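Could you walk me through this structure in plain words? I'm just getting started with reading protein models.

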Amino acid sequence: MKEPCGLTRPAGIGNVNADWMGSLPPKLSAMPLKHLAVPGSHDSFTYWVDVHAPVGPDQKAFVKYLATMFSVLAKKVMVKWAMTQNLTFKEQLEAGIRYFDLRVSSKPRESGKEIYFIHGLFGHKVSEGLLEINSFLSKHRKEVVFLDFNHYYAMGAEHHVYLLTMLLEVFGSKLCNMCAVDSITLDYLWKNKYQVIVFYHHPSAQGIPVMWPGNKIPAPWANTTEPNKLTQFLEATLKDRSNHGSFHVSQAILTPRVNTVAKGLLWGLRNYLVERNLPTIISWVEAQRPGLDGVNIITSDFVELTDFANIVIKLNNLLLSEQERKQR
């Protein structure tokens with residue numbers, strides 16, 4: 001795949017967490033997966049975007065107008081705000097990321113049914129990303145991923161059929177059948193050789209047993225630029241999660257507004273908004289505990305900027321110590 005555009009490549013990520021699920025002690029692999037802490041990435045695929053392709057249909061009209069007027073120059077500025085990750089799928093998986101936030105679109109005026117990842121600008125073909133994930137899973141048989149397809153743009157019925165068929169063909173028997181969320185443990189998944197749980201937030205997937213509906217993985221969105229408001233929102237939504245009988249995503253991310261982008265236009269998302277607020281966000285993550293009323297999946301932008309995946313994975317040790325206390 002192409003290298004990321006516009007941002008420097010991080011060094012030294014390595015594959016230290018490539019098999020973290022398979023390495024969990026039996027007490028944890030027997031617990032419902034919705035009780036475990038799982039690291040995820042926000043807008044997972046944006047490590048490369050195409051400045052030569054049209055602006056995506058997910059953008060507002062004035063952004064499309066600016067991109068038309070200033071062409072590649074405007075798009076190079078957009079890159080700094082469209083990219084939320086630096087690592088490829090393989091690098092994210094090796095770092096321990098197991099939840100992927102996926103937004104997809106067809107390309108305007110392109111013939112055929114090809115589907116691309118998108119966040120303002122078009123990224124790689126979805127087929128390329130899925131094959132990369134499947135390749136990793138074939139080498140790491142006890143690792144399980146959540147693929148959350150939650151936004152679709154410029155997609156008709158034929159595009160959905162194309163994407164759904166692609167998911168079935170790429171992952172095949174690795175796909176987990178929909179069932180009660182409480183019954184999904186790592187032990188259950190390993191026994192059945194399931195490694196992929198796909199959430200498809202569109203009616204076209206109804207009736208396909210291996211496509212889970214979006215209501216099984218709520219991901220409340222704070223939509224704020226202020227870290228204190230973000231952490232308050234995350235706390236409030238966690239208190240409500242036990243009522244839903246589902247997985248749960250805590251989006252530990254800040255969202256730029258139009259005036260945020262205007263002020264930090266040439267800085268970009270990472271330098272202007274993310275890096276300066278990461279200490280507050282990571283402090284909140286470190287203070288969490290998994291379990292029935294605790295965190296489950298936590299997502300972050302630029303997962304390599306901190307020890308994010310390790311911090312989330314280590315939260316599971318709190319479940320072990322809690323069990324030990326109950327047994328005394």
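This is a predicted model: local features need pLDDT of at least 70, side-chain atom pairs count only at pLDDT 80 or more; totals for chains, interfaces and linings use all residues.

Start with helix H4, which covers residues 126–139, and look at how its axis passes that of H5: they come within 10 Å and cross at roughly 20 degrees. An angle under 35 degrees counts as roughly parallel, so that's what we call H4 and H5. Their crossing is right-handed. Who touches whom here? On the H4 side you'll find Val126, Ser127, Leu130, Leu131, Ile133, Asn134 and Leu137, and these meet Leu163, Met166, Leu167, Val170 and Phe171 in H5. Sorted by class, this contact has ten nonpolar residues, two polar ones and no charged ones.

Now for the loops. Most residues other than glycine have a negative phi. Ala154 isn't a glycine, yet its phi is positive, near 50 degrees. You'll spot Ala154 in the loop between strand S5 (145–153) and helix H5 (157–171). Lys193 also has a positive phi without being a glycine, at about 60 degrees. Lys193 belongs to the loop that links helix H6 (186–192) and strand S6 (196–200). As for accessibility, Ala154 is at 44%, so it counts as partly exposed, while Lys193 is at 66% and so counts as exposed.

Finally, find Ser250 in strand S8, residues 249–251. Is Ser250 buried or exposed? Its relative accessibility is 1%, so Ser250 counts as buried. Beyond its neighbours within four places in sequence, Ser250 is in contact with Leu234, Leu238, Trp284, Val295, Ile297, Ile298 and Thr299.

Definitions and conventions: Residues are numbered from 1 along each chain as its sequence is written. Side-chain values use heavy atoms; hydrogens and water are left out. Helices (H or I, at least four residues) and strands (E, at least two) are DSSP runs, numbered from the N terminus. Buried means under 20% relative accessible area, exposed over 50%, partly exposed in between (1.4 Å probe, protein chains only). Contact means heavy atoms within 4.5 Å. Axes are lines fitted to C-alpha atoms, for helices over the stretch in contact, and angles run from 0 to 180 degrees between N-to-C directions. Angles under 35 degrees count as roughly parallel, over 145 as roughly antiparallel, 65 to 115 as roughly perpendicular and the rest as oblique. A crossing is left-handed if the near helix is turned anticlockwise from the far one by less than a right angle, and right-handed if clockwise. Ala, Val, Leu, Ile, Met, Phe, Trp, Tyr, Cys and Pro count as nonpolar, Asp, Glu, Lys and Arg as charged, and the others, Gly among them, as polar.
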